[in-house]
Amino acid sequence: MAAALEAGSDFTDRPWEDPSAKPFIEFQGVAKSFDDVQAVKGVDLAVYKGELFSLLGGSGCGKTTLLRMLAGFEEPTEGRILVDGEDMAGIPPYRRPCNMMFQSYALFPHLTVEQNIAFGLKQDGVPKAEIADRVGQVLSLVELEAQRKRKPHQLSGGQRQRVALARAIVKRPKVLLLDEPLGALDKRLREQAQFELMKLQDETGVTMVVVTHDQEEAMVLSTRIAVMHEGLIQQIGTPSDIYEFPANRFVADFLGNITLIEGTVTAVDGDVVTLETPEWGRPVQVSDNRAGHRPGDRAFVAVRPEKITISQKGVTPNSIEVGPVEVGPVEADASANRAAGVVEDLAYLGDVTLYRVRLESGLIVEVTRTNTIRGARRSVDWDSAVEVAFRPDNALLVAG
Ligand code: ATP
């Protein structure tokens, strides 16, 4: 289940799993070319009411173009976009039920917070009393009442981002479009702002579509994520679906650290696939044959670093050292896939330690271990000869 849902949102159902549910936003075969550049190459996508949906991908993958087409700043070369059942073709941005928050925030420097937020309503000719009322409500929602008379340069980056958000939601759009909304914030503020966005979504019920290149941000925020690459959607799913069951090698690699071991299938027994792989040095077994692999197929075994264990070679955890020593679980399971290697790199990250282990073939295996004992001495250090292991049911097979 998505982080946003786990964090207590009311959005508890999964409309995308219900064939009778009606999408709120639909992209149907949407493509966009700029002269000789095919920015978007045929996208089908359905977003449901109340979702916080992320378009995630590297630079130039077409995610901003997709968002700009939804906002009405670009027209598709092919296909159509529907919002609440209505075809958006030919409808200008200001007549669409969407409001976009730009990465730069685009605040007016000479206007106060309050005036910035009220600007769009004034332009629409909303009566004064109603403007005051609505601006007051959103100021309270984004917790900027105390700063209402300040100008943008008198605010922190996080506060400016909240003014931009307030200005986007005060018009009560049905869809809020956010282009790298947290890009200008430092890490600590980003984390805070992520929760604020989720809270805002929860309190207003607005459907949000967010463009980001930051996989961690997408994982935290989203009900679902579409991972894009070269103008195409590679996978759509909840953060945990995409992390745990990446559809292909690109998605596996894009979301977090992962070890990919290339091999050839030699046997299939029900769900258990055996592969020959020079990279691992001995046969590997994986309990995952969703793709229906057959002997002779090439595939990648994908294993996340937290699903791999590491131990000093030839030493059982009980016999290593006396006193508080981080040992971590060692596979008791005889079926585990094991390989010997040497710790080439080690990074202490506070909550976890990341080990990069070089196998004889040169393959780097990334392993994380949670640091559960404060001040513990490491049993595994730089240049340690180690054994890494993972269970067949903790790995996946992905196509190249
Ligand atoms: P970034 O994160 O760097 O903004 P993106 O995934 O949002 O990347 P887009 O801005 O959608 O990518 O661009 C996709 C492709 O289309 C790129 O190759 C880009 O150079 C091209 N492109 C985008 N807008 C235009 C334009 N107006 N004219 C010509 N080419 C464009």
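Q: Let's start with N99: which residues does N99 touch, not counting residues up to four places away in sequence?
A: Bearing in mind that this is a predicted model, N99 touches R167, A168, K171, P173, V175, L176 and L177, once residues up to four places away in sequence are set aside.

Q: And where is N99 found, and is it buried or exposed?
A: N99 is found in strand β6, and its relative accessible area is 19%, under the 20% cut-off, so that N99 counts as buried.

Q: What sheet is β6 in, and what is the strand order?
A: β6 belongs to an open sheet of 6 strands, which follow one another in the order β6-β7-β8-β3-β9-β10 with mixed pairing. The edges are taken by β6 (98-101) and β10 (232-237), and because each has a single partner strand, one side of each is left without a neighbour in the sheet.

Q: What does the twist average there from one strand to the next?
A: In this sheet the twist averages 20 degrees from one strand to the next.

Q: How do β7 and β8 run, parallel or antiparallel?
A: Strand β7 (residues 175-179) and strand β8 (residues 207-212) run parallel and are joined by 5 bridges; as one of the pairings, D179 has V211 in β8 as its bridge partner.

Q: Switching to helices, how do α3 and α5 cross?
A: The axes of helix α3 (residues 113-123) and helix α5 (residues 157-169) come within 8 Å of each other and cross at roughly 30 degrees. Angles under 35 degrees count as roughly parallel, and α3 and α5 are therefore described as roughly parallel to each other. The crossing in which α3 passes α5 is right-handed.

Q: Which residues make that contact?
A: On the α3 side the contact is made by V113, N116 and I117, and on the α5 side by V163, A166 and R167. By class, the residues of this contact of α3 with α5 divide into 4 nonpolar, 1 polar and 1 charged.

Q: What about α3 and α4, at what angle do they pack?
A: α3 and helix α4 (residues 128-141) pack at an angle of about 130 degrees, and their axes are 10 Å apart. α3 and α4 are therefore oblique to each other, and α3 passes α4 in a right-handed crossing. The contact is formed by V113, E114, I117, A118, L121 and K122 of α3 together with I131, R134, V135, V138 and L139 of α4, and its residues comprise 8 nonpolar, no polar and 3 charged.

Q: And α2, how many of its residues are buried?
A: In helix α2 (residues 63-71), 7 of the 9 residues are buried, so α2 is largely enclosed by the rest of the structure. The buried residues are K63, T65, L66, L67, M69, L70 and A71, and just after α2 comes G72, which takes a positive phi of about 100 degrees.

Q: Where is the place of Q154, and how far is its C-alpha atom from that of P305?
A: Q154 has its place in the loop between α4 and α5, where it is partly exposed with a relative accessible area of 40%. The C-alpha atoms of Q154 and P305 are separated by 44 Å, and these residues are 151 residues apart along the chain.

Q: Now the sheet with β15 in it: what is its strand order?
A: That is an open sheet of 5 strands with antiparallel pairing, in the order β15-β21-β17-β18-β19. Its edge strands are β15 (309-312) and β19 (364-370), each of which pairs on one side only, and neighbouring strands are turned by 45 degrees against each other on average, with direction ignored.

Q: Over how many bridges do β17 and β21 pair?
A: Strand β17 (residues 337-348) and strand β21 (residues 385-390) pair in the antiparallel sense over 6 bridges, and the bridge partner of G341 in β21 is V386.

Q: Is β19 mostly covered or mostly open?
A: β19 is mostly covered, with 5 of its 7 residues buried.

Methods: Residues numbered from 1 in each chain as written. Predicted model: local features only at pLDDT ≥ 70, side-chain atom pairs only at ≥ 80, totals over all residues. Heavy atoms only, no water. Axes fitted to C-alpha atoms, helices over the stretch in contact; angles between N-to-C directions. Helix = DSSP H or I, 4+ residues; strand = E, 2+ residues; numbered from the N terminus. Parallel < 35°, antiparallel > 145°, perpendicular 65-115°, else oblique. Left-handed = near helix turned anticlockwise from the far one by under 90°. Contact = heavy atoms within 4.5 Å. Nonpolar A, V, L, I, M, F, W, Y, C, P; charged D, E, K, R; others polar. Pairing = 2+ DSSP bridges. Buried < 20%, exposed > 50% of the residue type's maximum accessible area, 1.4 Å probe, protein only.
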